[in-house]
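Here are my notes on this one, in the order I'd go through them with the model open. Have a look first, then read on.

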Amino acid sequence: MPIGPARMPLMDHLGELRMRCVRIVVVLIVAIVFFYFATPTIAQFLLAPVAEFMPKDADGNALMNVFGAFEAFGVRLTISIWTALIACAPFVFWQILAFFLPALKPSERKWFIPTFIIAVALFLFGVVFCYLIILPAAFQWLTDQANGFAQITPQATLWVDIIIKFELGFGLAFELPLVVFYLLVFEIVPYSKLREKWREIYVGLLIASGMITPDASPVTMLLMYAPLVAMYEISMGVARFVMGKRIQEQKAELEEEARLDAEWEEEWSDFKARRAEQKAERKAKRESGDD
């Protein structure tokens, strides 16, 4: 895709922004229409990991239930919209990033293509991981909770909604290594600080796992928490390998700051001690003079 020059009049920038927005909207509309007519096939693919927990028709296809005249249309539209968003995500990300690319310095532009590729790859990896690993385990545990007292009736709106939220949640959560890497590369947070605060970070990842997973199941929360911790440690290891010399410099700077702070504290303590001694001496002189 073409990338505009760095210096343009304001109206030209607005024109380029409008052009890219129009491209995104047109591509999404075409994709939504296409996927709307392909919804039955997409729905079966979407339900494949949890099909064993659902009733089947004569052909072995998983069946869901709709409870209103307009629910079937709403479900088809929801599936087509989210499928279009995921399928067109690389194109949308590229259009957004390409608009801001001219504002970056030449030294920063070299990160553009690798960042774009890695971001898309991590998102897709999270979606596939959720599809193959998380959904079967999560729905098995959730549906087992009805054993002995209830029969599960898969409602199309709820099941499609929770599956899509699972997929998107894991896709976005798996962007964590990229976020951590750039926090370190651009020195927003020093490496040693993240390493020292690993306990707080682990607790934060656990809380985030509970918030991202759309159900209240501890199984899905732990299944998200484990890969997040693994990816966090991997990103820290990659950053240490790439920034080995800079990390040593940051460590030396922090140690020097700590030494200077300790010296300042020591000097301040000595100053306060001398002031206290001088006050005590003046008080003693006054008392001796009164006598």
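**Notes on the predicted model**

1. Let's start with the contacts. Among those between residues at least 6 apart in sequence, 74% join residues at least 24 apart. Keep in mind that this is a predicted model.

2. On the overall make-up: the protein has 11 helices and zero strands, and along the sequence the pattern reads α-α-α-α-α-α-α-α-α-α-α. Of the 291 residues, 33% count as buried.

3. Now for confidence. The average pLDDT for the protein is 80, and 87% of the residues score at least 70. Helix α4 (residues 106–109) is where confidence is lowest, with a mean of 68, while α2 has the highest, at 88. Where pLDDT is low, the predicted coordinates should not be read in detail.

4. Next, the α2/α3 crossing. The axes of helix α2 (residues 39–47) and helix α3 (residues 71–100) come within 10 Å and cross at roughly 75°. Angles of 65 to 115 degrees count as roughly perpendicular, and α2 and α3 are therefore roughly perpendicular to each other. On the α2 side the contact is made by T39, P40, I42 and A43, and on the α3 side by R76, I79, S80 and T83. By type, the residues of this contact are four nonpolar, three polar and one charged.

5. Is T39 buried or exposed? The relative accessible area of T39 is 4% and the cut-off for buried is under 20%, so T39 is buried.

6. Staying with α3, take A84, which lies in that helix. At 0% relative accessibility, A84 counts as buried. Which residues does A84 touch, not counting those up to four places away in sequence? They are L28, A31, I32 and F35. The C-alpha atoms of A84 and V27 are separated by 8.8 Å, although the two residues are 57 apart along the chain.

7. Then there is the α5/α7 packing. Helix α5 (residues 112–144) and helix α7 (residues 176–185) pack at an angle of about 145°, with their axes 9 Å apart. From α5 the contact takes in T115, I118, A119 and L122, and from α7 it takes in P177, L178 and Y182. Six of the contact residues are nonpolar and one is polar, with no charged ones.

8. How many of the residues of α7 are buried? Eight of the 10 are, so α7 is largely enclosed by the rest of the structure. The buried ones are L176, P177, L178, V180, F181, Y182, L184 and V185. P177, L178 and Y182 also belong to the contact with α5.

9. Last, α6. This helix (residues 156–173) has 18 residues and reaches 26 Å from its first C-alpha to its last, close to the 26 Å expected at 1.5 Å a residue. Helix α6 is also mostly covered, with 13 of its 18 residues buried.

How values were computed: Residues are numbered from 1 along each chain as its sequence is written. This is a predicted model: local features need pLDDT of at least 70, side-chain atom pairs count only at pLDDT 80 or more; totals for chains, interfaces and linings use all residues. Side-chain values use heavy atoms; hydrogens and water are left out. Helices (H or I, at least four residues) and strands (E, at least two) are DSSP runs, numbered from the N terminus. The expected span of a helix is 1.5 Å times one less than its number of residues. Buried means under 20% relative accessible area, exposed over 50%, partly exposed in between (1.4 Å probe, protein chains only). Axes are lines fitted to C-alpha atoms, for helices over the stretch in contact, and angles run from 0 to 180 degrees between N-to-C directions. Angles under 35 degrees count as roughly parallel, over 145 as roughly antiparallel, 65 to 115 as roughly perpendicular and the rest as oblique. Contact means heavy atoms within 4.5 Å. Ala, Val, Leu, Ile, Met, Phe, Trp, Tyr, Cys and Pro count as nonpolar, Asp, Glu, Lys and Arg as charged, and the others, Gly among them, as polar. pLDDT is the predictor's confidence in each residue, from 0 to 100.
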